[in-house]
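Welcome, and please open the model in your viewer. We will go from stop to stop, selecting a few residues each time.

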Amino acid sequence: MAEAGYEHKSVLYEETVNALVLADFHAKSAAVRQWAVPVKRDGVFVDGTFGRGGHSRLLLSALSESARLFVFDKDPRAIEAAMQLSREDARVTVIHDGFATMVPALAEQGVTQIDGVMMDLGVSSPQIDDAARGFSFMRDGPLDMRMDTSRGQTAAQWLAQASVDNMKEVIKYYGEERFAFQIAKAIDARRQSSPLCTTLELAELVANVVRTREKGQHPATRTFQAIRIHINEELKELADTLASILKVLAPQGRMAVISFHSLEDRMVKQCFAAASSLPPELARMPLRESEMPEPVLRNLGRVLAEESEVRDNPRSRSAVLRVAERTAAVWNQAHENAIRAALPGMDTQKRRGSWPASH
């Protein structure tokens, strides 16, 4: 069910679903942004981040009666909405968990191959606009920030015990915040007298430290982003998921991923680039071009929100949709090694192992 009084706007709405169902999809094609229900598609599809179901509902309108759609989400409120949809449409199966569990969870359902998967990596608008969730620096609420409020450590609990170095590393690398050390020191000084318990307390503290910021951006934007990513282990889960999805994606199956900041987008880009290239050990072999094995992915490009969408939905401003298609190449360990080697190439991933766990 949607929150009362709120109209949810899915980012890159038609573009994402077109990426999964249009036979001749390519990011530079004019058809990308035009919604015309294609021939009904059969197959098994996955929405790894159901949210409030905007993309899923549009996808269902393009699927045949025999198709299946599995939807994942950690958020209990999202699961409520997903369960309502499943009662309305028998093609929908709901799994209350993050997309990192996708492959084993599908296997438990008897599914070993899928024809398309989409993931919207942003925090959903209802989550941001619900002050009680603790994601917003504009609305006062408890410092929670958990995607799944039924488990795990809250942001307030982490801020109460994390070392200055730990906080600095998280804020610097997950938030790309150049004032990370000063923010960490200010948090430490504050908690000596009283704990940080609410979103506005943290936002005001950060605003007093960060004196310069990009036009139109709140001083606490990067800090809130960093803490949220850390609490929910978002980049770790994304890396694991990107590497595993290719094992179950059927030939000509598509992967469509929307990211909202550079760390996520870089990871998706690295995964697609590695999977669209030959593993290094094969690329060095003395073979003719005609003898070279086919990569496991074909990169179909990226799509950005148009100006009209940004005007209507400012949260789409930083959205990047990347799309790739599985080839018929046989998956092997060399492919997985190459992809996993590409994904940890970021500072956040290199340093993660030395940081205290979120949970």
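Which helix holds both Asp-240 and Lys-236, and how many residues apart are they? Select the two: both belong to helix 11 (residues 234–248), and they sit four residues apart, about one turn of the helix. Helices (H or I, at least four residues) and strands (E, at least two) are DSSP runs, numbered from the N terminus. An α-helix has 3.6 residues a turn, so residues three or four places apart point the same way.

Before moving on, a word on what you are viewing. This is a predicted model, in which local features need pLDDT of at least 70 and side-chain atom pairs count only at pLDDT 80 or more, while totals for chains, interfaces and linings use all residues. Residues are numbered from 1 along each chain as its sequence is written, and side-chain values use heavy atoms, with hydrogens and water left out.

Stay with your selection. The side chains of Asp-240 and Lys-236 form a salt bridge at 3.4 Å, N to O; the term means a side-chain nitrogen of Lys or Arg within 4 Å of a carboxyl oxygen of Asp or Glu. Asp-240 is partly exposed at 29% relative accessibility, and Lys-236 is partly exposed at 34%. Here buried means under 20% relative accessible area, exposed over 50%, and partly exposed in between (1.4 Å probe, protein chains only).

Next, select Asp-265 and Arg-322. Their closest N and O atoms are 2.6 Å apart, in another salt bridge. This pair links distant parts of the chain, with Asp-265 in helix 12 (residues 262–275) and Arg-322 in strand 7 (residues 320–326), 57 residues apart. Both Asp-265 and Arg-322 are buried.

Now try Asp-148 with Arg-151, whose side chains meet in a salt bridge of 2.6 Å, N to O. Asp-148 is buried at 6%, whereas Arg-151 is partly exposed at 44%. Across the whole structure, a search finds 18 salt bridges.

Move to helix 1 (residues 13–21). Seven of its nine residues are buried, so this helix is largely enclosed by the rest of the structure. Among the buried ones are Glu-15, Val-17 and Leu-20.

For the last stop, show helix 7 (residues 164–175) and helix 10 (residues 221–232). How do they pack? Their axes are 8 Å apart, at an angle of about 105 degrees (axes are lines fitted to C-alpha atoms, for helices over the stretch in contact, and angles run from 0 to 180 degrees between N-to-C directions).
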